[in-house]
Amino acid sequence: MSLYDAGMRRHVLLLISLGCLVSLGCHAARPEPAERFTIEDGRFVLRRGQESRPFTPWGFNYDRTVVDGRDMLLEDVMRERPAIVNEDFAAMRRLGGNTVRIFISTSEVLASPDRVNDEGLQRLDRVLDMAGANGLKVILVGLATIRPASIPEWMQNASDEQMEAAELLFWRTVARACRRRSEIFTYDLQNEPVVHWSNSDNWIVGCFDMPDGQRFCYVHQHYRQIESKWTRHVQAKYGTVEALRQHWPDFPRTGETWDRIAVPAFDGKDPRFAEYAAWNRGVFAAWAQRLADAIRVEDDTHLITVGALDPAPLAEAVDFYCYHLYPPAAGPGEDYLAKCRQDWEQRLSKVPADKPLVIEEFYPMWKPAGVPTADVLETMLDVTRDRCAGWISFYWGAADRLTWVATENRRLYEEWQEAWSAHAPK
């Protein structure tokens with residue numbers, strides 16, 4: 001970290017603290033939750049007063065459910081049929097779960113870029129009450145925009161700077177509201193965040209069409225005006241056109257000017273690729289660090305993580321890593337389980353080893369019909385057991401409530417629940 005970056009970080013922390021004191025009424029001495037999690041020797045520990053016990057997160061993602069044939073997000077169910085959430089949490093507990101991962105939409109907490117949605121916070125409070133009543137700890141994922149059709153107009157039209165401020169307000173608000181909640185296992189900054197490589201109108205990709213026709217997406221993208229941010233970085237770093245020409249002999253490229261620095265192609269052969277990729281990675285790291293700093297000003301008792309596609313850039317911001325693992329596709333005649341093992345070992349080797357790791361998403365979305373469902377789970381656990389401190393799969397509701405396009409998908413879901421329950425920590 002440069003002296004400039006360090007100074008800016010201290011400045012941001014000061015502004016957050018002052019904003020907290022002025023607009024949110026924070027207090028210097030804050031009561032801690034009755035229970036809290038710590039990390040000791042690479043494992044999670046649940047502490048209550050002087051007592052402590054090891055804790056292995058084992059549970060379910062609850063990104064959506066189906067009610068009366070309609071795919072619904074958490075905020076939908078809490079508005080219309082909140083008893084369903086309680087029923088689902090109870091079912092997760094019966095299946096051996098001790099943890100549920102929930103997704104909180106940006107608009108559930110923010111009514112506008114600078115105004116909090118009090119009704120959404122009240123719904124979140126009720127969700128946490130339900131989780132606690134059912135013996136579940138919560139991975140609270142923030143800044144979710146899973147359903148593109150529900151993205152509010154203010155967010156669609158927001159600049160990058162406006163979104164930075166809105167995201168800070170989101171997490172400051174949530175952290176302050178939840179700082180005494182024993183139900184929280186960890187704050188998860190966002191599901192699968194990435195930084196755009198070049199300018200784009202997209203907020204979110206990685207989409208699936210649900211049986212009822214809705215489109216749900218899971219990869220959250222940041223900095224839609226990334227090219228102007230790159231230009232400002234280059235100008236600040238090199239100062240003059242002459243200095244930049246000495247650094248980049250090919251400057252200016254066709255259509256490139258000092259006031260509009262070109263973004264290189266996403267190609268390792270481009271001579272500017274490595275420099276841009278490192279900067280882009282730094283933008284990603286700074287995004288996570290800024291939000292983590294804001295949370296810790298409000299709540300320094302709960303853990304922080306990110307459900308990232310690439311955890312490495314976020315190492316400084318998080319208390320532990322989360323990784324999303326799915327079986328790879330296998331062709332005819334391939335040994336499916338052997339290919340899974342090789343793929344998972346190779347992918348996990350890229351996750352830094354300095355902090356605990358949780359497999360935050362896992363489900364056999366694709367597998368050959370002849371491979372037993374339980375064998376997929378046992379292979380995954382065999383590969384990850386020595387490295388990981390927790391595992392989270394999926395629960396979308398009771399099997400007879402869901403809308404199945406193919407009967408084999410329901411059978412897989414039921415078999416998976418049985419296998420997952422059988423391996424739950426005792």
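Trp-404 is partly exposed in this predicted model, because its relative accessibility of 24% is not under the 20% that burial requires. Its ring is paired with that of Tyr-413, 5.4 Å away from centre to centre. The planes of Trp-404 and Tyr-413 stand 50 degrees apart, and the pair is classed as tilted. Tyr-413 has a relative accessibility of 0% and therefore counts as buried.

A pair of aromatic rings is described by the distance of the centres and the angle of the planes. By the rule used here, the model has 34 aromatic pairs. Another of them is formed by Tyr-363 and Phe-394, with 6.5 Å between the ring centres. The planes of these two rings are 80 degrees apart, so the pair counts as edge-to-face, for which the angle must be over 60 degrees. Tyr-363 and Phe-394 are 31 residues apart, and their pair links distant parts of the chain. Tyr-363 belongs to the loop between strand E17 (357-362) and helix H12 (373-384), whereas Phe-394 is in strand E18 (residues 388-394). Tyr-363 is buried because its relative accessibility is 6%, and Phe-394, with a relative accessible area of 7%, is buried too.

An aromatic ring can also be found beside a charged group. Arg-272 lies over the face of Trp-248, 4.0 Å from the ring centre.

The next topic is helix packing. Two packed helices are described by the angle between their axes and the distance between the axes. For helix H7 (residues 160-178) and helix H10 (residues 273-298), the angle is about 35 degrees and the axes are 8 Å apart. Their crossing is right-handed. On the H7 side, the residues in contact are Glu-164, Glu-167, Leu-168, Trp-171, Arg-172, Ala-175 and Arg-176. They meet Trp-287, Arg-290, Leu-291, Ala-294, Ile-295 and Glu-298 of H10. Sorted by class, the contact of H7 with H10 comprises 7 nonpolar and 6 charged residues, with no polar ones.

Phe-251 and Pro-252 are joined by a cis peptide bond, with omega at about 0 degrees. Pro-252 is placed in the loop between helix H9 (241-247) and H10.

Two residues other than glycine have positive phi values, as follows. Leu-143 has a phi of about 55 degrees and is part of strand E10 (residues 137-144). With a relative accessible area of 1%, Leu-143 is buried. For Glu-192, phi is near 45 degrees. Glu-192 sits in the loop between strand E11 (184-191) and strand E12 (193-195). Despite its charged class, Glu-192 counts as buried, because its relative accessibility is 10%, under the 20% cut-off.

Key. Residues numbered from 1 in each chain as written. Predicted model: local features only at pLDDT ≥ 70, side-chain atom pairs only at ≥ 80, totals over all residues. Heavy atoms only, no water. Axes fitted to C-alpha atoms, helices over the stretch in contact; angles between N-to-C directions. Helix = DSSP H or I, 4+ residues; strand = E, 2+ residues; numbered from the N terminus. Left-handed = near helix turned anticlockwise from the far one by under 90°. Contact = heavy atoms within 4.5 Å. Phe/Tyr/Trp six-rings, centres within 6.5 Å; stacked < 30°, edge-to-face > 60°. Buried < 20%, exposed > 50% of the residue type's maximum accessible area, 1.4 Å probe, protein only. Lys NZ or Arg CZ within 6 Å of the ring centre and 35° of its normal.
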